[in-house]
Amino acid sequence: MTATLPSRQIPAPVGTGRTRGRLPFVESLTPYAYVAPFFVLFGIFGLLPFLFTFYVALFDWNPIGDQTFIGLDNFTRMLADPRFWNATANTVSIWLLSTIPQLALALLLAHVLNHARLRFALFFRMSMLVPYITSVAATVIVFAQLFDRNYGLLNWLLGFLGVGPFDFVQTTWGSHLLIAVMVAWRWFGYTTLLYLASLQAVPRDVYEAASIDGAGGWKQFVHITIPSLRPVIIFTVVTSTIGGLQVFTEPLLISGGVLTCGPVRQCQTLSLFLYEQGFGQYEFGYGSAIGVALFVMVIVAAIINYLLSSRIRAER
């Protein structure tokens, strides 16, 4: 037998009339209010400058003179400019030389630092932050001395092998190698910590079971570490691509502040070429066209990286 309460004893629902109708609408706006600051800031500092850059690229824009609408002429001029293609080739070369070794070294270091029997593991893990917190200017000074033609440590070591000396700064391949080493040195510690943080989530039992089955360090690295890190690897590949195509400070400093980065523009990247045209030659329209092209390259490279990485993940 069930007991039924009289209708007058049933508690009334909270919120009646107009209050009950307004509350769900206010609550529905709450998630948008939480994410709104990011989109507002992105619109002010990201989207609006890009739209204005594209607008300026359609003009012969003199900062102290007239602005004449010329349509797509700046883009046509850019595609026929050998300096633009030289800067593009330099950027891609430096990006490949810096990104691939950096990610490979970070993977290997993260695997070693995650080893249970490593002594002073916390010290080595914290030391990975040293390159990241070191200023770019200090990094350039140290590496410029190491790669110096007359007094550099690297040329001194090569002298024992009967090779060199090489003038890394004044040659194309040498300057690319020097800049790539500086970029890789600056970011490999940060990437290592990202991989290590992801590896900490992998149960230790997996490695112990692999050791019992006779799997050595290399097999554990290939069959456990790399598959476990696949989402983080995709993230770092995309972010490294974006950063690698925007290298600016390192080539500017090793050339002593010369925007052409050498007499034959041997290490001038796209960012340097953009800055030279916009703020060195005061051709804001042409510089903006280079900026739009750089933006499109970054987007295309990021999409290609993501699609390739996703396809590899799906096949496995």
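This is a predicted model: local features need pLDDT of at least 70, side-chain atom pairs count only at pLDDT 80 or more; totals for chains, interfaces and linings use all residues.
Residues are numbered from 1 along each chain as its sequence is written, local features need pLDDT of at least 70, side-chain atom pairs count only at pLDDT 80 or more, and totals for chains, interfaces and linings use all residues. Side-chain values use heavy atoms, with hydrogens and water left out.

**Domains**

Select residues 29–73 as domain 1 and 80–312 as domain 2; these bounds come from an automatic or database domain assignment. Their C-alpha centres lie 30 Å apart. Next, display the contact (heavy atoms within 4.5 Å), in which 8 residues of domain 1 meet 8 residues of domain 2. The two domains bury about 650 Å² between them, 82% of it on carbon and sulfur atoms; buried area is the accessible area (1.4 Å probe) lost on putting two parts together, summed over both.

**Helices α3 and α11**

Select α3 (residues 82–113) and α11 (residues 230–244), whose axes are 10 Å apart at an angle of about 150°. The two helices are therefore roughly antiparallel (an angle over 145 degrees, on a scale from 0 to 180 between N-to-C directions). Show Trp95 and Leu103 of α3 with Ile233 and Val237 of α11, which are among the residues making the contact.

**Helices α10 and α11**

Finally, select α10 (residues 217–228), which packs against α11 at about 60° with the axes 5 Å apart. Here Ile226, Pro227 and Ser228 of α10 touch Arg230, Pro231 and Ile233 of α11.

Definitions and conventions
Helices (H or I, at least four residues) and strands (E, at least two) are DSSP runs, numbered from the N terminus. Angles under 35 degrees count as roughly parallel, over 145 as roughly antiparallel, 65 to 115 as roughly perpendicular and the rest as oblique.
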